[in-house]
Amino acid sequence: AAQTYRQNGVDFWPGPLDTVNVNIQPAVSTQWNKVWKINKTTIDSFILGLFSPSIPPAIANWPGNGDANYNQAQLLAPFFDVNNDGTYNPSQGDYPQIQGDQAIYFIINDNQSGSVHGETGGVPLGVEIHGMAYAFNCPTDSTLNQTVFLHYTIINRSANTYNNTYVGIWTDFDIGDYTDDYVGCDVTRQCYYGYNGDVDDGGGGPGTYGLQLGAQAVVFLNGVVADVNDAIDNDKDCIVDEPGETNLMSKFVYYNNDFTVTGNPSDSLDFYEYLKGQWKDGTPLTYGGTGYNTGVTCSYMFPGTSDQLISWGTGGSCQSPAFPQPPWDEASSGNTPNDRRGMGTSGRLTMLPNTMYSFDLAYVFARDYSAGGIQSSINLLMTRVDSIRSYFNGNMTPCGSTFNTAVSETTKPNNNISVYPNPANENLFISFEMQSKTAAVQIYDVTGNLVKEELITSGNSQINISQLAQGLYVIKIVDGNKLYSKKFLKE
């Protein structure tokens with residue numbers, strides 16, 4: 001199953017599968033042809049009772065459960081279950097669990113009854129895919145503020161075991177003027193990216209970057225789980241077969257926008273060859289030039305200088321580094337910049353029946369305002385990739401949020417905090433036992449809007465509220481995995 005532009009047909013349809021028949025009827029699929037968008041502030045305000053007795057539509061309509069009439073799974077979109085009955089019921093206090101400050105949830109599948117895989121011509125797998133796209137509101141950190149994250153969960157609803165399975169992410173970058181782009185990958189950073197192939201993107205015309213070049217990366221933050229004891233260092237951390245090891249970016253391939261053996265895929269076998277890091281005729285990727293019969297077998301096209309130390313892509317490992325190959329990118333290959341697409345692959349894995357497989361991506365953007373040229377924009381992009389990975393691995397953003405916010409806040413707010421004076425006028429004093437180096441202070445009005453936010457470094461702090469209008473507010477403090485809240489009146 002695969003999808004690009006739907007020019008040749010469709011392989012994926014909206015909605016969860018019937019778990020008995022492992023398909024979805026067209027009329028049911030139409031009902032699911034939507035996405036669910038929600039803000040964290042809405043959830044926080046709901047938890048604090050600011051909407052009572054009404055329930056915001058974003059919370060009321062959250063697809064927490066499937067429809068038993070269509071044999072859909074009981075649990076779909078994640079939610080906090082107050083009474084642990086397995087049923088999503090906001091009237092009893094249940095609420096969505098999301099990542100980031102704003103999230104968009106969607107569900108697709110690859111087997112609509114009466115339909116065929118028009119893109120690939122392949123036989124349906126019976127997979128259901130849940131996606132959560134999310135982002136953080138962090139104006140003080142432009143890297144985080146301009147990054148979009150994606151958490152995917154693939155569920156094999158069929159009774160089949162799929163061996164030698166690969167998951168691929170395909171991207172048509174179109175960096176400003178789409179006719180002058182290059183693509184590449186960074187093996188060490190486990191990402192692939194698009195960038196401008198000349199020093200002036202589109203001549204600075206409308207919708208282009210001009211001399212201040214932009215670049216975009218797709219980063220594998222966390223991959224699908226690897227097969228146990230496969231003797232491969234799948235996550236490239238120099239530890240082989242550790243518990244819970246995942247596949248990160250196993251391959252990166254670019255193909256031409258034509259119908260040669262190194263061009264657009266036409267059938268299911270073509271797509272599978274690309275997922276495996278091979279050309280359509282089964283020839284493996286080779287290092288250098290066009291990647292077709294040009295040298296040693298490799299796993300990554302256009303890695304630049306990112307794989308010089310260990311040479312992961314040409315058979316090296318931490319225990320036995322391979323002889324480094326010369327740097328390889330599109331410029332050194334003599335390619336003319338043009339419309340570029342690329343695909344990163346995670347695998348190989350064995351996909352078991354009725355089993356879930358999850359992975360995480362980040363779409364990181366950078367623009368070099370110094371007009372430093374092509375390499376400068378790539379260098380800036382990689383610096384930003386490093387920042388995003390450090391935030392994700394540390395589960396903390398510069399604005400005090402965590403990536404698993406919805407999970408860590410499943411307990412009721414802790415009110416072991418002093419807020420005084422109350423009512424207050426110019427300043428509000430807070431006192432609590434702080435466990436982190438920094439904590440986020442957020443103030444909401446009675447409609448649930450975030451009106452003030454700042455970071456504090458002490459559990460005894462003063463918050464200036466002189467700019468707030470008179471009325472009732474809720475002050476919320478996120479300190480690591482603890483949540484504190486109090487209501488106060490501004491005079």
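A disulfide is taken here as a pair of cysteine sulfur atoms within 2.5 Å. In this predicted model, two disulfides are counted by that rule. With bonded cysteines counted along the chain, the disulfides follow the pattern 1-4, 2-3.

The link of Cys138 and Cys399 is right-handed, with 85° about the S-S bond. Cys138 lies in the loop between β6 (127-135) and α4 (142-145), and Cys399 in the loop between α6 (374-394) and α7 (405-408), so the pair ties together parts that are 261 residues apart in sequence. Cys138 is buried, at a relative accessible area of 0%, and Cys399 is buried at 12%.

Cys238 and Cys318 form a disulfide in which the sulfur atoms are 1.8 Å apart. This disulfide is left-handed because the torsion about the S-S bond of Cys238 and Cys318 is about -60°. The pair links distant parts of the chain, 80 residues apart: Cys238 is in the loop between β11 (214-222) and β12 (251-253), and Cys318 in the loop between α5 (268-275) and β13 (341-351). Cys238 is partly exposed, with a relative accessible area of 39%, and Cys318 is partly exposed at 23%.

Cys185 is in no disulfide. The sulfur of Cys191 lies 7.8 Å from its closest cysteine sulfur, that of Cys185, which is too far for a bond. Cys185 is buried at 1% relative accessibility, and Cys191 is buried at 0%.

On the surface, Val446, Leu472 and Leu489 form a nonpolar patch with about 230 Å² of accessible area together. Leu472 belongs to strand β20 (residues 471-479) and is partly exposed, with a relative accessible area of 40%.

Technical notes
Residues are numbered from 1 along each chain as its sequence is written. This is a predicted model: local features need pLDDT of at least 70, side-chain atom pairs count only at pLDDT 80 or more; totals for chains, interfaces and linings use all residues. Side-chain values use heavy atoms; hydrogens and water are left out. Patches are made of residues with over 30% relative accessible area and no salt bridge: like charges are joined within 9 Å, nonpolar side chains (Val, Leu, Ile, Met, Phe, Trp, Tyr) within 5 Å. Accessible areas come from the Shrake-Rupley method with a 1.4 Å probe; for residues, only the protein chains shown count as cover. A salt bridge is a side-chain nitrogen of Lys or Arg within 4 Å of a carboxyl oxygen of Asp or Glu. Helices (H or I, at least four residues) and strands (E, at least two) are DSSP runs, numbered from the N terminus. Buried means under 20% relative accessible area, exposed over 50%, partly exposed in between (1.4 Å probe, protein chains only).
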